[in-house]
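My notes follow, in the order I made them.

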Amino acid sequence: TPLFAPRHFLSIDDLTSSELGNLVNRAKKAKHAIRAGQTLPSLKGVLAGKTIAMMFSKRSTRTRVSTEAAAVYLGGHPMFLGKDDIQLGVNESLRDTSKVISSMVSCVVARVGHHSDIVQLSKTSTVPVINALSDSFHPLQAVTDILTIIECFPDPKGIKLAWVGDANNVLYDLAIACAKCGINISIATPSVYPVPSDMLQLARNAAHFSGSSIETTHEPEATVKGAHIIVTDTWVSMGQESEKALRLKQFAGFQVSSDLAARGGANKDWRFMHCLPRKPEEVTDEVFYSPRSLVFPEAENRLYAAIAALEAFVVKKGNFGG
Ligand code: CP
Ligand code: NVA
């Protein structure tokens, strides 16, 4: 263990609710400045001379582009290290790789398979490690999603978010984030894929303080009742490709559609979110490309969340209030 252990960002569970609020707020400020063609004075050149290593063992569009663009926006240098670029996994252990890379850079942003890999990486790293997706969590996506939600619902306390789909990484951090913000959550997953009790417990712990309600069902219609936002993700996450045919059968009835929303009695102004990449089976084109859909602003917001996360964990070294 390094003498002065840096603060890492592996899950929304690592944040207090006021820290989450600060991250979202900084992301929002960065967005307004960038949209106006400006740079916030407090962000100008703050990563000058610093390198952000991006160790990605899986494909990525949004996380890669947003992180690289965020590093450049702050004056730093993003160094993308795909799985075929470095010795990791073939000639070198995660532990040794982490020690070596962290000795030369200011932050490691890592996309891994098992969450235990990023935990191990963070234990050996002498610089902050930011989770760019593991099989358990996707914190950068959840910060983005709260920003996207408050753009539509400036005072989100008490609104209802319905998740209809898989029990996965994106859901677990989103549920914790919603619980920290006082957003009520209803989750429908196929009965063969219940939300693991440890993940549910993390969200329930956060909800205990905010007063959010969290319910899990296996019935999409019941879940969308009164929902202000309906969210889903792919039914076949990276690494599950061989289970595709089986999973498509298991998720029958879980496609998000106007018909589902109407049958279930969603709020009349319900909006749709999806972290992307999207496949047609989990949501109809009609919803995905409709004015209800927030998916493209949500994707753009990844940039602002990445800026806020690099500022909080690299520039401010984890001291960002709360
Ligand atoms: N939403 C998300 O993380 O997308 P990528 O896999 O393209 O990074
Ligand atoms: N659940 C998906 C999210 C991709 C951003 C996966 O893990 O592949």
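**Notebook: core, domains and ligand shell**

I started at Val-108, which touches Ala-53, Met-55, Ile-101, Ser-102, Leu-121, Ser-125, Val-127 and Val-129, leaving aside residues up to four places away in sequence. For contact I took C-beta atoms, placed from the backbone, within 7 Å.

A note on the source: this is a predicted model, where local features need pLDDT of at least 70, side-chain atom pairs count only at pLDDT 80 or more, and totals for chains, interfaces and linings use all residues. Residues are numbered from 1 along each chain as its sequence is written, while chains are lettered from A and ligands numbered from 1 in the order in which they are written.

Next I looked up the largest nonpolar core, which has 97 residues. Val-108 is among those with the most contacts inside this core, as are Val-143, Ile-230, Ile-307, Ala-309 and Leu-310. Such a core is a set of buried Ala, Val, Leu, Ile, Met, Phe, Trp, Tyr and Cys residues joined through C-beta atoms within 7 Å; buried means that 20 or more other C-beta atoms lie within 10 Å of a residue's own. Which helix gives the most to this core? I found helix α12 (residues 295–315), with 12 residues. Helices here are DSSP runs (H or I, at least four residues), and strands are too (E, at least two), numbered from the N terminus.

Then I turned to the domains. The assignment, automatic or from a database, gives domain 1 (12–137 + 302–315) and domain 2 (141–299). Their C-alpha centres lie 25 Å apart, and the contact takes 23 residues from domain 1 and 21 residues from domain 2. On the side of domain 1 that touches domain 2, α1 (17–35) and α12 each supply at least two residues. The largest share of that side, 6 residues, comes from α1.

I also checked ligand 1. Around ligand 1 I listed Ser-60, Thr-61, Arg-62, Thr-63, Leu-133, Gln-141, Cys-275, Leu-276 and Pro-277, each with its C-beta atom, placed from the backbone, within 6 Å. This shell draws at least three residues from each of domain 1 and domain 2.

I noted 26 Å between the end C-alpha atoms of residues 157–311.

How values were computed. Buried ≥ 20, exposed ≤ 12 C-beta atoms within 10 Å, placed from the backbone. Contact = placed C-beta atoms within 7 Å.
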